[in-house]
Amino acid sequence: MTEVSMDAESEARRLSRREFIKRVIASGAVASSASFVMGGLAGCSPRPAAVAGSVERLISIDVNGQLRRVDVLPQETLAMTLRYKLGLTGTKLGCDRAECGACTVMIDGTTYYSCSTLTHAVRNRKVVTIEGLRGPNGELHPVQQAFVDELAPQCGFCTPGQVVAAVALLQKNPQPTREQARHAMSGNLCRCGAYDNYLNAIMRAAGNTAEIHHGA
Ligand code: FES
Ligand code: FES
């Protein structure tokens, strides 16, 4: 092959390469405009099409008489939502696996471990936490006052759960016996061992002074 024909061939290769690059850039531009148009149209839809099995994340939950709007992951527990998204840190996390009762809240008047309740499950239900028990001027709930009077809280970590469980008990059974109270409170552990003080406090709140036991 002559020198002239080699130059012609490499020039042709250079041109076809330039043509190739131009086409790639052009097709890329078309692809991005297509996705922009498609995305734009999808964004115009009033509600994105629901994916089968998906859960709406932005939900409203009724907590302490207020409707709270919150972004909730599908697997999120109520304790996490209350503490870390709604700032209701009175609900404590102890074991985080339904053993200790530190995270007790009321849902429709019944006690639940919020560490083991999915937030999505409490839509359309009424959640009450320890913060929801105070009076209109911030005064203590009578059960809280009885707990103070009977020196029930020691370290205090289990106390919010104990209060909520006691309030739920007294709403259903305003005058429980000590034994009934012991049974109702059996899901709330106290590492400080102040069980007798808590039971005395419940008896005091119920007006059952005959069953308040002080000392041996
Ligand atoms: S933190 Fe929920 S039961 Fe212990
Ligand atoms: S008062 Fe300390 S764990 Fe109950």
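L151 lies in the loop between α3 and α4 (159-172). Helices and strands here are DSSP runs, H or I of at least four residues for helices and E of at least two for strands, numbered from the N terminus. Phi of L151 is near 50°, a positive value in a residue other than glycine. Is L151 buried or exposed? L151 is exposed, because it has 11 other C-beta atoms within 10 Å. The cut-offs are these: a residue is buried if 20 or more other C-beta atoms lie within 10 Å of its own, exposed if 12 or fewer, and partly exposed in between, with C-beta atoms placed from the backbone.

A word on what we are looking at. This is a predicted model, where local features need pLDDT of at least 70 and side-chain atom pairs count only at pLDDT 80 or more, while totals for chains, interfaces and linings use all residues. Residues are numbered from 1 along each chain as its sequence is written, and chains are lettered from A and ligands numbered from 1 in the order in which they are written.

Now the overall layout. The protein has six helices and five strands, and from the N terminus on the elements run α-β-β-α-β-β-β-α-α-α-α. Of the 216 residues in the protein, 31% are buried. Two residues are in contact if their C-beta atoms, placed from the backbone, lie within 7 Å. Of the contacts with a separation of 6 or more, 57% are between residues 24 or more positions apart.

Next, the sheet. In what order do the five strands stand? They form an open sheet in the order β2-β1-β5-β3-β4, with mixed pairing. The edges are β2 and β4, each with a single partner strand, so one side of each is left without a neighbour in the sheet. On average, neighbouring strands of this sheet are turned by 40° against each other, direction ignored. Two strands are taken to pair if DSSP finds at least two bridges between them.

Take β3 and its partners. Strand β3 (residues 104-107) runs antiparallel to strand β4 (residues 110-113), and four bridges join them. I107 stands opposite T110 in β4. The two strands form a hairpin with two residues between them, and D108 in the turn has a positive phi of about 50°. Strand β5 (residues 126-128) is also antiparallel to β3, joined to it by two bridges. There M106 stands opposite V128 in β5.

Helices against the sheet, then. α4 lies across β3 and β4, running at about 35° to β3. For such angles, axes are lines fitted to C-alpha atoms, for helices over the stretch in contact, and angles run from 0 to 180 degrees between N-to-C directions. In helix α2 (residues 78-85), the buried residues are L78, A79, M80, T81 and L82. What do the buried residues of α2 pack against? They pack against β2 (66-71) and β3. Just after α2, G87 takes a positive phi of about 70°.

Further on, A98 is in the loop between α2 and β3. A98 is not a glycine, yet has a positive phi of about 60°. A98 counts as partly exposed because it has 13 C-beta neighbours inside 10 Å.

α6 is mostly covered, with nine of its 11 residues buried. Among them are Y198, L199, I202 and M203. The buried residues of α6 pack against α3, α4 and α5 (178-184). Just after α6, G207 takes a positive phi of about 75°.

How do α3 and α6 meet? The axes of helix α3 (residues 142-149) and helix α6 (residues 195-205) come within 8 Å and cross at roughly 130°. That makes α3 oblique to α6; angles under 35 degrees count as roughly parallel, over 145 as roughly antiparallel, 65 to 115 as roughly perpendicular and the rest as oblique. From α3, the contact is made by P142, V143, A146, F147 and D149, and from α6 by A201, R204 and A205. By class, this contact has six nonpolar, no polar and two charged residues. Here Ala, Val, Leu, Ile, Met, Phe, Trp, Tyr, Cys and Pro count as nonpolar, Asp, Glu, Lys and Arg as charged, and the others, Gly among them, as polar.
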